[in-house]
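The following exercises are to be worked with the sequence and the coordinates at hand. Each task is followed by a solution in steps.

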Amino acid sequence: MGVWSRFPEIGDLLMAHFQKACPILVPLKIPTSGVTESEYKQLLGYSAKNGELESEESYLKKMSGVINLFSAMLLCPPLIWGKPNPLGLSKGWTWIALVLNMDPMSSITATALLHFLEVRMSEEKHLYISVNTLDIAIRHCSKVRWLFSHGP
């Protein structure tokens with residue numbers, strides 16, 4: 001994060017790589033009409049080798065790694081070399097709001113939220129809200145309940 005805060009171009013390149021590897025980090029509405037299932041999965045970030053798509057397990061593992069790294073980067077101290085963290089905590093909560101306002105995309109939506117919250121809440125639960133408060137919020141949010149019931 002220190003290099004990113006000092007050289008913003010590096011951060012832009014890193015985010016572009018993250019977003020190419022894990023499109024849900026953008027997050028974008030990926031079209032489902034007019035594309036085959038294989039094309040849709042490739043738009044979601046599935047890798048294809050010799051015309052075969054990777055397994056869902058492999059895909060979710062890959063996405064989890066990118067999301068875990070992204071989440072951890074958000075937790076870096078706010079000041080590095082006298083400059084603020086270019087991502088910061090608020091970007092994470094903005095990402096969650098954007099994802100929850102989108103239609104779910106296969107099991108990646110639930111997986112992304114789960115891994116993001118695991119990393120973020122491990123550090124933030126004492127800063128913002130208790131785990132019980134988060135649990136109550138999740139129980140009362142029908143979209144989140146649906147996502148986690150259809151997720152990994």
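## Exercise 1: Met63

Task: Locate Met63 in the secondary structure, and determine whether Met63 is buried or exposed.

Solution. Step 1: Met63 sits in helix α4, which spans residues 56-74. The model under study is a predicted one.

Step 1: The relative accessible area of Met63 is 0%. Because the cut-off for a buried residue is under 20%, Met63 is classed as buried.

Step 2: With residues up to four places away in sequence set aside, Met63 touches Ala21, Cys22, Leu44, Gly45 and Ile108.

Step 3: Phe18 lies 45 residues from Met63 along the chain, and the two C-alpha atoms are separated by 9.6 Å.

## Exercise 2: Confidence and overall layout

Task: Where in the chain is confidence lowest, and where is it highest?

Solution. Step 1: Across the chain, the mean pLDDT is 76, and 76% of the residues reach 70 or more.

Step 1: Confidence is lowest in helix α7 (residues 131-139), with a mean of 55. It is highest in strand β2 (residues 52-53), at 92. Where pLDDT is low, the predicted coordinates should not be read in detail.

Step 2: Of the 152 residues in the chain, 36% are buried. Among contacts with a separation of 6 or more, 63% join residues 24 or more positions apart.

## Exercise 3: The nonpolar surface

Task: Which residues form a nonpolar patch on the surface?

Solution. Step 1: The chain exposes about 9,100 Å², of which carbon and sulfur atoms supply 60%.

Step 1: A nonpolar patch on this surface is formed by Val3, Phe7 and Ile10, with about 260 Å² of accessible area together.

Step 2: Ile10 belongs to helix α2 (residues 8-21). Its relative accessible area is 43%, so Ile10 is partly exposed.

## Exercise 4: Salt bridges

Task: How many salt bridges does a search of the whole structure find? Describe the setting of each partner.

Solution. Step 1: The search finds two salt bridges.

Step 1: One joins Glu37 to Lys41, with the closest N and O atoms 3.5 Å apart. Both residues lie in helix α3, four residues apart, about one turn of the helix. Glu37 is exposed, at 57% relative accessibility, while Lys41 is partly exposed, at 25%.

Step 2: Lys62 and Glu54 are also linked by a salt bridge, with an N to O distance of 2.7 Å. Lys62 is partly exposed, at 28% relative accessibility. Glu54 has a relative accessible area of 18% and is therefore buried.

## Exercise 5: Asn50 and Tyr40

Task: Is Asn50 buried or exposed, and which residues does Tyr40 touch?

Solution. Step 1: Asn50 lies in the loop between β1 (48-49) and β2. Its relative accessibility is 82%, so Asn50 counts as exposed.

Step 1: The phi angle of Asn50 is near 55°, a positive value in a residue other than glycine. Most residues other than glycine have a negative phi.

Step 2: Tyr40 is placed in helix α3 and counts as buried, at 15% relative accessibility.

Step 3: Excluding residues up to four places away in sequence, Tyr40 touches Ile30, Pro31, Thr32, Val35, Met105 and Ser106. Tyr40 and Ile30 are 10 residues apart in sequence, with their C-alpha atoms 7.7 Å apart in space.

Methods. Residues are numbered from 1 along each chain as its sequence is written. This is a predicted model: local features need pLDDT of at least 70, side-chain atom pairs count only at pLDDT 80 or more; totals for chains, interfaces and linings use all residues. Side-chain values use heavy atoms; hydrogens and water are left out. Helices (H or I, at least four residues) and strands (E, at least two) are DSSP runs, numbered from the N terminus. Buried means under 20% relative accessible area, exposed over 50%, partly exposed in between (1.4 Å probe, protein chains only). Contact means heavy atoms within 4.5 Å. Patches are made of residues with over 30% relative accessible area and no salt bridge: like charges are joined within 9 Å, nonpolar side chains (Val, Leu, Ile, Met, Phe, Trp, Tyr) within 5 Å. Accessible areas come from the Shrake-Rupley method with a 1.4 Å probe; for residues, only the protein chains shown count as cover. A salt bridge is a side-chain nitrogen of Lys or Arg within 4 Å of a carboxyl oxygen of Asp or Glu. pLDDT is the predictor's confidence in each residue, from 0 to 100.
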